[in-house]
Amino acid sequence: METTEQLKEQIEALQQQIKEQEKLASLGLLTAGIVHEIRNPLNFVINFSKLSDTLIKDLADDIDDNADKISSDDMEDIEDIMADLKENIAKIREHGERATSIIQNILQYSRGKEGLRIPTNINALVHEYVWLGYHAMRANYNGFNASIKEQYDDTLTDIAIVPQDISRAILNVVNNAFYAIWERANIEGEQYHPELQVTTSSEGEMLRLRFDDNGGGMTDEVKQKLYDNFFTTKPVGQGTGLGMAITLNIIHQHGGRIEFDSTLGSGSSFSLIIPINKK
Ligand SMILES: Nc1ncnc2c1ncn2[C@@H]1O[C@H](COP(=O)(O)OP(=O)(O)OP(=O)(O)O)[C@@H](O)[C@H]1O
Ligand SMILES: [Mg+2]
């Protein structure tokens, strides 16, 4: 038989364990958010260094074509500078990739504390992040293209949200849409007209941010696992599978919900729905 004293001790030990686990969980939440946020600028660094490498090759060709007009001294200088530039760019790329792999290794769980709500022009925010996502896609995926149709509800006034969180949610939904479009474009080629439709509207007390893509859509399995941490159908290095988990978390923290609808082969629709008056 255990004495009351022993039971008390056991309870205290368990409570301590729970506290430790809670601490770990919130640390993990924070880490995953940071990782997700850092990966995008790092992709820019890596991809623009790749792009610059190609540009140097083009430049070298142009110089070769005009070699007869350049003195041999100048030519030597040019070649030295080009060699240095190439080396620098290779270093930028190498270390960018190293940083990417480091943060991917630290990757753990979802998100941290609630941020500050600020009255925000939601239409402007949506517009800004849709185009940011579009330009990022164009920088990362050669030949990516899509027509973007925007329809904004002018009656929407400033809405109290955590702008950095909502912008991240928008960016993730938009990135997913563009990626689905990109995948479909690669399969169907010329006759496919990639399109993203962006709509904001108010429905009573709720605000709806809606994104309709005509990408490849989702299977039932993907629909079921959509919000699971680390669930991704993207190739290694392309997706962490945290985007929608983080997005759902952000929308829940705003007291809202996400609706989606998707048909395999013809596209998906995602709506971020949040209360307008929640301060
Ligand atoms: N608009 C969409 N069209 C088709 N599939 C989608 C769409 N949005 C999400 N998905 C599917 O849901 C999966 C999970 O999305 P989620 O954003 O959570 O992760 P991810 O995009 O793979 O990685 P990341 O962490 O970089 O966002 C995707 O891999 C994709 O298969
Ligand atoms: Mg994503």
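Predicted model: local features only at pLDDT ≥ 70, side-chain atom pairs only at ≥ 80, totals over all residues.
Local features need pLDDT of at least 70 and side-chain atom pairs pLDDT 80 or more, while totals for chains, interfaces and linings use all residues. Residues are numbered from 1 along each chain as its sequence is written, chains are lettered from A and ligands numbered from 1 in the order written, and side-chain values use heavy atoms, without hydrogens and water.

User: How many residues surround ligand 1?

Analyst: A residue counts as near if one of its heavy atoms lies within 4 Å. The closest are Thr232, Thr233, Lys234, Thr240 and Met244. The number of surrounding residues is 23.

User: Which helix gives the most to the shell around ligand 1?

Analyst: Helices are DSSP runs of H or I with at least four residues, and strands are runs of E with at least two, numbered from the N terminus. Helix 1 (4-65), helix 4 (163-188), helix 6 (243-253) and strand 7 (267-275) each supply at least two residues. With four residues, the most comes from helix 4.

User: At what distance does a polar side-chain atom of threonine 233 lie from an oxygen atom of ligand 1?

Analyst: A polar contact is a pair of N or O atoms within 3.5 Å. Asparagine 172 has such an atom 3.0 Å from a ligand 1 oxygen, and asparagine 176 has one at 2.8 Å. For threonine 233, the distance is 2.5 Å.

User: Which residues line the second largest pocket?

Analyst: Lining residues have an atom within 4 Å of a pocket grid point. The lining residues are Asn47, Lys50, Leu51, Arg138, Ala139, Asn140, Tyr141 and Asn142.

Conventions
Polar contact = N/O pair within 3.5 Å; in protein donor to acceptor, adjacent residues only side chain to side chain. 1 Å grid on protein atoms, 1.4 Å probe; cavity = no way out; pocket = protein on both sides within 12 Å on 5 of 7 lines; lining within 4 Å.
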